[in-house]
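Biologist: I am new to this structure. Please take me closely through one part, the place where the two chains meet, and then show me what lies around it.

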Amino acid sequence: MIVDLPTLVTIVAMAVVTYATRISGLALGDRLKLGPRAKAAVDAIPPAVLVAVIAPSLLATGWRETSASAITIAAATRLPLIGTVAVGVATIVLLRHVVPG
Amino acid sequence: MRPSGMSAGTSRSEALEGVVDIAPAAIAAVPIGLLFGALAASKGLSIAEVALMSALVCAGGAQFAIIELWTYPLAIGTLVASTALINLRHILMGASLAPKTGAFRPWQRLLTFYALVDETWAFGERRATARPLTPAYFGAMGATLWINWVTCSTLGAAAGSLLGDPRSIGADFAFTALFIGIVAALWRGRSTAVPVIAAAVAGALCYRLVGSPWHVMAGAAAGIAGAALAWRPDEAR
């Protein structure tokens, strides 16, 4: 049961900023009025950040990762989350096994 | 002691209803928590560190995103900034729920909003349309999800640390697949397509030209800007 110091600092800082986002809405309450364009930008944050994180794997790692991503996207249109993950992982393992290197 | 209509008995039944309402979301989060723990262990976190992160941060989307970026030595600034960015939506959720917490004492607001996550927010909003939201109901939902998330991710870390090389079982790609699945669940048509494509292209370009972890900020900025620029007044929102 080891907790490394930089890891602890990172986790605590993550916790502080997360809790701040959770309670600052309480302080704002009804006063927060975003225009529709600003609201669209804020709504786009979660998908934009998630896609930005995986962009290297989607487009800039190799043809296997890009192909597996395309198959996973197709799976995501019809399967629940866990099914999508299973299809994605099975595809990449298969591609790496069939065409190693 | 308590306002009328808030006796211990009703608090108990409110809490029970909260647990029952949130149970399907908690069950759905079991494999997600196990997966998070296993991936975190594959990145070098100890079981204690995984438990601590889930207990203190308790934000699945942000935890998955930063674990993908987790390499030693830690880029603490990027990890914390990414966490903040992904969790900015809590501000909007909290602001919308705040006027419905009239039955909460200040400390009850501060305590129960610790577990303000997408699911508790959605059920809290739904509850408030039918009857006053109580701290017992909202707090019981939060506590259920929190215990579930900490337990499952810790178990996942314990199991994952036994699995060995994550690449051989495709665990490195599990993030990509998981995020594709989450984005599909958030999909709202054109208003999602524009930021997603902008984030993917800008993120990949920045990754090639500048390097990790800058692709996260570049992709996120491109996606957010794309959404703002592409917004049209006729969009049904």
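Modeller: Start with A:T84. Leaving aside neighbours within four places in sequence, A:T84 is in contact with A:T72, A:A75, A:A76 and A:L79, and also with B:A177 and B:G181. This is a predicted model. A:T84 sits in helix α5 of chain A, residues 81–98. Its relative accessibility is 0%, so A:T84 counts as buried, the cut-off being under 20%.

Now cross to chain B. Helix α9 of chain B covers residues 171–186. An α-helix has 3.6 residues a turn, so residues three or four places apart point the same way.

Step back to the whole interface. Here 84 residues of chain B are in contact with 67 residues of chain A. In chain B, the residues that lose the most area to chain A are B:F173, B:I180 and B:W231. Together these three make up 10% of what that side buries. Helix α9 of chain B gives the largest share of the side that touches chain A, with 14 residues. By type, that side of chain B divides into 59 nonpolar, 16 polar and 9 charged residues.

The two chains bury about 6,400 Å² between them. Of that area, 79% is on carbon and sulfur atoms. Between chain B and chain A there are 0 salt bridges. Polar contact is there: 13 residue pairs, with both residues at pLDDT 80 or more.

Next, look elsewhere in chain B. Helix α2 of chain B runs over residues 47–56. Of its 10 residues, 7 are buried, so the helix is largely enclosed by the rest of the structure. Those buried residues are B:A48, B:E49, B:V50, B:A51, B:M53, B:S54 and B:A55. Just after this helix, B:C58 takes a positive phi of about 50°.

From B:A55, go on to B:A95. They are 40 residues apart in sequence and 24 Å apart in space, C-alpha to C-alpha. B:A95 lies in helix α5 of chain B, residues 89–97. B:A95 is buried too, with a relative accessible area of 6%.

Last, a word on confidence. Chain B averages a pLDDT of 87, and 93% of the residues score at least 70. Residues 1–8 of chain B need care. There pLDDT stays under 50. For that stretch, the model has 8 contacts beyond four places in sequence.

Definitions and conventions:
Residues numbered from 1 in each chain as written. Chains lettered and ligands numbered in written order. Predicted model: local features only at pLDDT ≥ 70, side-chain atom pairs only at ≥ 80, totals over all residues. Heavy atoms only, no water. pLDDT = per-residue confidence, 0-100. Contact = heavy atoms within 4.5 Å. Buried area = accessible area lost by both parts, 1.4 Å probe. Salt bridge = Lys/Arg side-chain N within 4 Å of Asp/Glu carboxyl O. Polar contact = N/O pair within 3.5 Å; in protein donor to acceptor, adjacent residues only side chain to side chain. Helix = DSSP H or I, 4+ residues; strand = E, 2+ residues; numbered from the N terminus. Nonpolar A, V, L, I, M, F, W, Y, C, P; charged D, E, K, R; others polar. Buried < 20%, exposed > 50% of the residue type's maximum accessible area, 1.4 Å probe, protein only.
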